[in-house]
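Let's take a friendly walk through this model, looking at its strands and its charged side chains. Here it is.

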Amino acid sequence: MAAAHQVSAVIFDLDGTLLDTERATRDILNEFLAAYGKVPDPEKEETRLGQMYTESTTGIIKDYGLPLTVEEYSKAMHPLYMKRWQKAKPLPGVKRLVKHLYKNGVPLAIASNSIRTNIDHKITKMEDWGECFSVILGGDQVPNGKPSPDIFLEAAKRLGVNPSSCLVIEDSVVGIKGAKASGAKAVAVPSLQSQRQHYSIADVILYSLLDFDPELWGLPPFEDRIQGVLPIDPLLSTAQIGDRILNDLHRVISDECTYDCIPDQISGIYLGWAKSKVLGFSKVVIGTGWDFSQQTIERVMLVEFLDSSGRIETEPVKLLLIGYIRKLQSTDDILQALIVTNEDRSIARDVLDLPAFSGYANDLHFS
């Protein structure tokens, strides 16, 4: 099938696109503002996604009436962020995509609104795959940060390609605007699901990079699925199993810990293992996505036990997601979209018996 677009280089944002730094640092502002008797305003904080550091900092000081200069605020906050950045994990599909493109000779760049010294601290977490990027640019290395196209134009120049032949992968609206203004193609992977409606100018909108299709952009195809399943870095969740919806499919009752290790970008049908007192280790198919039908957007997770014999643990169950089967066909009716099909069950039963997946059914991976 002919590619819809031909790109010769790929430019990635960093925070919220490559690394889940936003989740790692999520509580820092809450704790800092509490010392001044303030509470973060979620709507205001959402507007700061992807902003330049100075713009974001100035806005925080003004919005919350903090008796601090930008320099004083930065001096107090920077050590807190430095510590948390080290805990930031790669987002789903990132390492797979970066290594795949690098192996196939596709020039890669990082273009972030973060200042360069902060970028250098963050990318130490990227280990060997951080070396795949031949160009790394911070917002302080160009005249204007995103949504200006400056950083993407400079990245293309340093990569030695025309901006129009670049593909930019971004999680923020300001980043997408900057990418499109530069003449590049843009893939949006929103880190805030409540803002998905604002990404319409992107060429493609994904939930996660697990759904990225290289062939759409004239890039070499992936060839790493095992019997139709994409192995992923394990994602652990602790859940209370709720009412039966259909057959052995149950709704997960979430609490404050259920999604601690599950990035917001995770959506689709997955396979893995459950560990409970009643069943021990059990094969499961897990569907998760977002319900946009209500005023408040909510995450929904369903789990089907493939070998439960009708018994379901009433105590919290640990779920380990280790393979990605497919994306959701539609999110108009989220419960219907998360229904596990016979094909999903068949794939899961067979694949979870393979050595690459069966080895996760032990206590070491559930600790």
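How many salt bridges does the count come to? The count comes to 19 salt bridges, and please keep in mind that this is a predicted model.

## The barrel

Have a look at the sheet in which 6 strands close into a barrel, with antiparallel pairing and the order β7-β8-β11-β10-β9-β12. On average, neighbouring strands of this sheet are turned by 45° against each other, direction ignored.

Strand β7 (residues 230-246) runs antiparallel to strand β8 (residues 249-253), and 4 bridges join them. Along this pairing, R244 stands opposite H250 in β8.

R345 and E304 meet through their side chains at 2.4 Å, N to O. This pair links distant parts of the chain, with R345 in helix α11 (residues 342-351) and E304 in strand β11 (residues 298-305), 41 residues apart. R345 counts as buried at 13% relative accessibility, and E304 is buried too, at 4%.

R326 forms a salt bridge with D344, where the closest N and O atoms are 2.8 Å apart. Here R326 belongs to strand β12 (residues 317-326) and D344 to helix α11, 18 residues apart. R326 counts as buried at 18% relative accessibility, while D344 is buried with a relative accessible area of 2%.

## Within a helix, and a network

D120 and R116 form a salt bridge with closest N and O atoms 2.9 Å apart. Both lie in helix α7 (residues 116-123), 4 residues apart, or about one turn of the helix. D120 is partly exposed at 32%, as is R116 at 26%.

Finally, a network of salt bridges links D20, R23, D264 and R299.

Note on methods
Residues are numbered from 1 along each chain as its sequence is written. This is a predicted model: local features need pLDDT of at least 70, side-chain atom pairs count only at pLDDT 80 or more; totals for chains, interfaces and linings use all residues. Side-chain values use heavy atoms; hydrogens and water are left out. Two strands pair if DSSP finds at least two bridges between them. Helices (H or I, at least four residues) and strands (E, at least two) are DSSP runs, numbered from the N terminus. Axes are lines fitted to C-alpha atoms, for helices over the stretch in contact, and angles run from 0 to 180 degrees between N-to-C directions. A salt bridge is a side-chain nitrogen of Lys or Arg within 4 Å of a carboxyl oxygen of Asp or Glu. Buried means under 20% relative accessible area, exposed over 50%, partly exposed in between (1.4 Å probe, protein chains only).
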